[in-house]
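Here's a quick briefing on one structure, covering helix packing and salt bridges. Have a look at it first, then read on.

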Amino acid sequence: MFDDLKGKKILVTGSTAGIGLEAAKSLASAGARVAIHGSRSADTAQAVLEQFEAGADVAYFQADVRSSDACKSLVESAAEHLGGIDVLINNAGGLGGRNGLESIDDAFFDQVLDLNIRSVVMVTKYAIPYLRRSAEQSGETSSVISTGSIAAREGGGPGASLYGGSKAMVHNLHRNWVKEFTKDNIRFNTVAPGTIDTAFHEDKDQGTRDKISGTIAMGRFGSSAELAPAYVFLASHTASGYVTGQVLDVNGGQMCP
Ligand code: NAP
């Protein structure tokens, strides 16, 4: 349907596992040059790179994106390797643990917000000059896609108030950045997954999983592979060049906002 991702330079944060890994695989299959990222060591990530199709143009970058300095050096290293950045996918994130309001302390607060907010704000901040240049040089839009969540819309599960709140902030940061950067031809869209079968849910027993499945119209968790086309669509100028400031919910009908 579209082939404009060939040769595109794409940084996908949190792409060693789960949703980010499947998005990165689909983008690489479409011919993009992809910077893979996670916090694990380069040695451990080698097994991840081996999961890509033969000939895929992928390279691994390690950074703990809870630190602003690490976000800066991640963007700079990826841009240096790729020769710029055309598309940024802010996917690194996670629950960071569960705590009811009365158990939240400063360390937990920082942990959840650094992982889900500092990472998105700082990686995007340092990527903006590259994205601006990409749009100037190509005459097409460049694209930022962040992974939000169904929790941003409905508040999150038990003990996940900070997580749900941080994802709501991700959704809203994009609305603001549309106002700031559309003049630079940079688009901002969010993919909001529902309940997707990844390590994110490894703390749940079968009974809990069944109960959650019962709240989903399709009656089951989604897979990371079912999320990937949403990222491909929003990365492509040909497919989504007039789409910005939107939240694309991929949730099997768990919520219909
Ligand atoms: P996952 O399988 O646990 O993957 C998380 C990814 O983020 C991994 O690549 C991990 O890399 C990376 N990461 C985590 N902490 C990091 C850190 N401090 N620095 C750098 N990288 C870090 O989980 P997932 O379900 O695919 O989650 C991906 C995104 O989707 C997250 O933003 C999550 O909040 C969101 N989400 C998930 C669901 C769901 O149901 N699964 C629903 C809504 C939203 P390393 O392992 O190498 O650190």
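In which hand of crossing does α4 pass α6? The crossing of α4 past α6 is right-handed. Bear in mind that this is a predicted model.

**Helix packing**
- Helix α4 spans residues 106-138 and helix α6 spans residues 161-181; they pack at about 20°, and their axes sit 10 Å apart.
- Angles under 35 degrees count as roughly parallel, so α4 and α6 are roughly parallel to each other.
- On the α4 side, the contact residues include F108, F109, V112, L113, I117 and R132.
- On the α6 side, L162, Y163, K167, M169, W177 and F181 are among them.
- Sorted by type, the residues of this α4–α6 contact come to 15 nonpolar, 3 polar and 2 charged.

**Salt bridges**
- The count of salt bridges comes to 14.
- K25 pairs with E22, with their closest N and O atoms 3.3 Å apart; both lie in helix α1 (residues 18-29), 3 residues apart, or about one turn of the helix.
- K6 and D3 form a salt bridge at 3.9 Å, N to O, and both of these residues are exposed.
- K183 and D184 also meet through their side chains, at 3.1 Å from N to O.
- R98, D203 and K204 are joined in a network of salt bridges.

**Exposure of the partners**
- K183 has a relative accessible area of 68%, so K183 is exposed.
- D184 has 16% relative accessibility and therefore counts as buried.
- E22, at 22% relative accessibility, counts as partly exposed.

Definitions and conventions: Residues numbered from 1 in each chain as written. Predicted model: local features only at pLDDT ≥ 70, side-chain atom pairs only at ≥ 80, totals over all residues. Heavy atoms only, no water. Axes fitted to C-alpha atoms, helices over the stretch in contact; angles between N-to-C directions. Helix = DSSP H or I, 4+ residues; strand = E, 2+ residues; numbered from the N terminus. Parallel < 35°, antiparallel > 145°, perpendicular 65-115°, else oblique. Left-handed = near helix turned anticlockwise from the far one by under 90°. Contact = heavy atoms within 4.5 Å. Nonpolar A, V, L, I, M, F, W, Y, C, P; charged D, E, K, R; others polar. Salt bridge = Lys/Arg side-chain N within 4 Å of Asp/Glu carboxyl O. Buried < 20%, exposed > 50% of the residue type's maximum accessible area, 1.4 Å probe, protein only.
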